[in-house]
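Subject: Structure for you to look at

Dear colleague,

Here is the structure I promised to hand over, with the sequence alongside. Please open it first, and then read the notes below.

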Amino acid sequence: EPNGNYTDKEFYGDIKDAKCKLFVFFDNCFSGGMLDELKSIDKIFACSTCTEDGYGYDDGSAKNGAWTQCFLEDTLSKYNFFDVIAFDQFLNCIDDK
């Protein structure tokens with residue numbers, strides 16, 4: 001019965017048979033708990049702002065959470081990922097890491 005919560009097991013069930021590469025980025029409190037369910041999926045790159053018991057924080061100077069903002073500024077822009085035209089090229093770069 002839907003209750004407004006989306007659990008790690010529900011998310012896993014929705015994506016486990018994906019035929020494509022997936023990039024999953026969680027920026028919310030307790031989101032690290034989602035990662036354990038995803039380890040068995042071969043074509044996934046997943047990251048989380050915190051552990052399953054941790055907290056995500058907002059960045060008042062941006063329209064994102066602090067983790068998202070750091071990822072955008074310090075990772076993607078540092079390595080010029082904003083110049084990448086296609087998302088599949090971005091996923092290929094992840095495969096190389």
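I begin with a serine: the side chain of Ser 31 reaches the backbone oxygen of Asn 28 at 2.8 Å, a polar contact in the sense of a pair of N or O atoms within 3.5 Å, where, within protein, one atom must be able to donate a hydrogen and the other to accept it, and where residues adjacent in sequence count only if both atoms are side-chain atoms. Please bear in mind that this is a predicted model, in which local features need pLDDT of at least 70 and side-chain atom pairs count only at pLDDT 80 or more, while totals for chains, interfaces and linings use all residues. Residues are numbered from 1 along each chain as its sequence is written, and side-chain values use heavy atoms, with hydrogens and water left out.

Ser 31 sits in the loop between strand S1 (22-26) and helix H2 (33-38), helices (H or I, at least four residues) and strands (E, at least two) being DSSP runs numbered from the N terminus. With 0% relative accessibility, Ser 31 counts as buried, a word that stands for under 20% relative accessible area, with exposed meaning over 50% and partly exposed in between (1.4 Å probe, protein chains only). Leaving aside residues up to four places away in sequence, Ser 31 touches Phe 26, Ser 48, Thr 49, Cys 50 and Thr 51, where a contact means heavy atoms within 4.5 Å.

As for the protein overall, there are 4 helices and 2 strands, following the pattern α-β-α-β-α-α along the sequence, and buried residues make up 27% of the 97 residues.

Turning to charged side chains, the count comes to 3 salt bridges, each being a side-chain nitrogen of Lys or Arg within 4 Å of a carboxyl oxygen of Asp or Glu. One of them joins Lys 9 and Glu 37 (3.1 Å, N to O), and this pair links distant parts of the chain, with Lys 9 in helix H1 (residues 8-15) and Glu 37 in helix H2, 28 residues apart; Lys 9 is exposed, at 55% relative accessibility. Another is formed by Lys 16 and Asp 17 (3.4 Å, N to O), of which Lys 16 is partly exposed at 39% and Asp 17 is exposed at 53%. Asp 36 and Lys 39 also meet in a salt bridge (3.3 Å, N to O), with Asp 36 partly exposed at 46% and Lys 39 exposed at 64%.
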